[in-house]
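Here is a short briefing on salt bridges. Look over the sequence and the model, then read the points below.

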Amino acid sequence: GLVEVDGDAAATRLHEFGPHTGLDALGLLGGPFPQELVAAAFGGDVGVMLRALHGGILEPEPGVEGQLNFPTNALRDHVRSRAGSAGELRAVSLVEEVASGSLVRDAWAVGEAVLGLGWTALPVAHHGALARVACVLAHRRREARLLRHRATLLPDPLESRFWAALAEGLLTPGAEMDALEQLWDEVSGDRLRGRVALAIGKAHGRAGRTDEATRHAHAALSHLLAHTASSWDRLLRADAISLLADTLIQSGQTGAAGTQLRLLASEYDTLGDKQGQAQAHLRLARIARREGEDPASELRAARALLLQIDDRRSLAIAQWEDGASCLGDGDFGRADERFHAAQDLFASVGDEIGAATCANARGECARKTGRFADADVFYRAFGATMDRVGHRDAGAWARVNRGWNHLDQGDNVGAAQLFREGIAHGGDGSPAHISGRIGAARAAFRTGDVQAARRLIHGIAHADDEDGATALAALRAQLGPTDTS
C-alpha cells in the first residue's frame, strides 16, 4: 500500500544536520537529555544546538530544568532509524565523553544521568565501556559499595580487580595496598599501569612515605604521558602531577614543586576545570608566602577563576592566604581585615572549622598589636570549636597560643598552666606540643627554674612557629648548649 511521506516540519529539517552526527546518537539514547549531552552531541557548537531548538527538532523537557528532548516519539524514532550500526559507537563515545567530562566539573548528577541513558538504551555489548566511566564516577564520589558493584561489570579482570581494590581502600584506608602491589606486578598496558602506579603513590602519600609516593608519581606520569584522548585521561595525568607536586613540597623541593603546579594549572586550563586551575594557583601562592615571596599574582589568578564559579569556600582560602601574607609582612591591621573576610566566607558556606581557623589567625593579629583580651577571646573560640569536633592538635594550639598571649603580658604562672594543657592535649612531637614545651621552658626560666627550662627543651632541634623558634633561640643563648638529640 501507499506509505505517506513524513510531512512533519521538524523531520524535514533533519537534512540540515546530515546523517551520522551526534544527533543520531541522541536518537539512540532516547532522552530526555541533560543540556551538556546535547551540547557535546553538536560538538560544542551552540549555534547548531539553537538551530535544533528553533527548528523544533529538540525542545525543553516540560517540568525538568536543564533537560531537552525530542518533541515526539515519532521524530525520535525517525532520527534513530538513520543512525545505523556506527551510531551505537558514536552514542557510546558521547556518553563516555560527557560522563568523564562531568568529573572535571564535579557535575555528578549529569554524569550519572548520562550513564543511566547509556545503560538503558545501548546493547549489553557496550556496557563494559560504560562501566569503566561509572567506576571513575563512583570512586570520585567516594561511594565504596557502588564502586565495588560496578567493578564486577568490567570485562577486563585486571581492571575489575583494580577498582575493587580502590573500593576496599575507601572502606578501610590502606586496605588496598596489597592488591595494588600485586596488580603492579601483573599489568602491562600503559593506561592501567599508570592508574595502578598513581593509586599506590597516593596511598604512600597518605601514609607519609614521601619517597615512595614520589617514585610512583613519576611512574604514573611516564605511563600516562601518551594518553590524552579523553577528559578522564587528562584528569588522571593531572592527578599524577598534583601528587608529584605534593611530594616535592613535603621533601622541601619547593622550586620543583612550583614547576609542577604551573604545569598542573595549564593541564586544568586545557580541561576547562576552573576549580582545579584555581587550586593550583592557591598552592603556588602558599609556596610563595612560605618562601618569603609575594603571592599577590597567584592570588589574583585564583580569585579571578573562583569568582567565575562562585566557589566561596576557596575564595575564603584565598583571603586567608592574603591575610597570612600581610601577617608575615607585619601589616597586622590589613591581615585582620583579610582574616575577618575569610571568616565570614567560611561561615556563609557552613565551614565552622575554616571559620574557627580564621578566629585563631585574628587572635594572632590582636596579640601582635597588644590587644591581649581580644586575642584571648579569639583563641578561646578557636579552641571551643576544635574541641567540639575532636581535632586534638588544633585544640592544643588554642591552649598554647593562649599561653603565649599570657606570657606576652608577663603572666608566667598562667602561661605555664596553659602550656602544660597544650602539651598534654597535643600529640607527642607535634608542632603544638613542641611550641608548648618551649613556652613552658620560657615561663620556667623567667621564674628562675633553670633546670626545668633545660629539661623542657631537651631534645628539641627546631620549632615550626615564630614564637617557638624565637623563644628557643633566646633560651639557648641564655642556657648555653643543650642536647638536641
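Asp351 and Arg313 form a salt bridge, with their closest N and O atoms 2.7 Å apart. Asp351 sits in the loop between α19 (332–348) and α20 (352–368) and Arg313 in helix α18 (residues 312–328), so the pair ties together parts that are 38 residues apart in sequence. A salt bridge here is a side-chain nitrogen of Lys or Arg within 4 Å of a carboxyl oxygen of Asp or Glu. The structure holds 30 salt bridges.

This is a predicted model: local features need pLDDT of at least 70, side-chain atom pairs count only at pLDDT 80 or more, and totals for chains, interfaces and linings use all residues. Residues are numbered from 1 along each chain as its sequence is written, and side-chain values use heavy atoms, with hydrogens and water left out.

**Other salt bridges**
- Glu159 and Arg132 meet through their side chains in a salt bridge (2.8 Å, N to O).
- Glu159 lies in helix α10 (residues 157–171) and Arg132 in helix α8 (residues 127–140), so this pair ties together parts that are 27 residues apart in sequence.
- Helices are DSSP runs (H or I, at least four residues), numbered from the N terminus.
- Glu337 pairs with Arg338 in a salt bridge, the closest N and O atoms being 3.8 Å apart.
- A network of salt bridges links Glu112, Arg141, Glu143 and Arg150.

**Accessibility**
- Buried means under 20% relative accessible area, exposed over 50%, and partly exposed in between (1.4 Å probe, protein chains only).
- Asp351 is buried at 14%; Arg313 is partly exposed at 40%.
- Glu159 is buried at 4%; Arg132 is partly exposed at 23%.
- Glu337 is exposed at 52%; Arg338 is partly exposed at 23%.

Conventions:
Helices (H or I, at least four residues) and strands (E, at least two) are DSSP runs, numbered from the N terminus.
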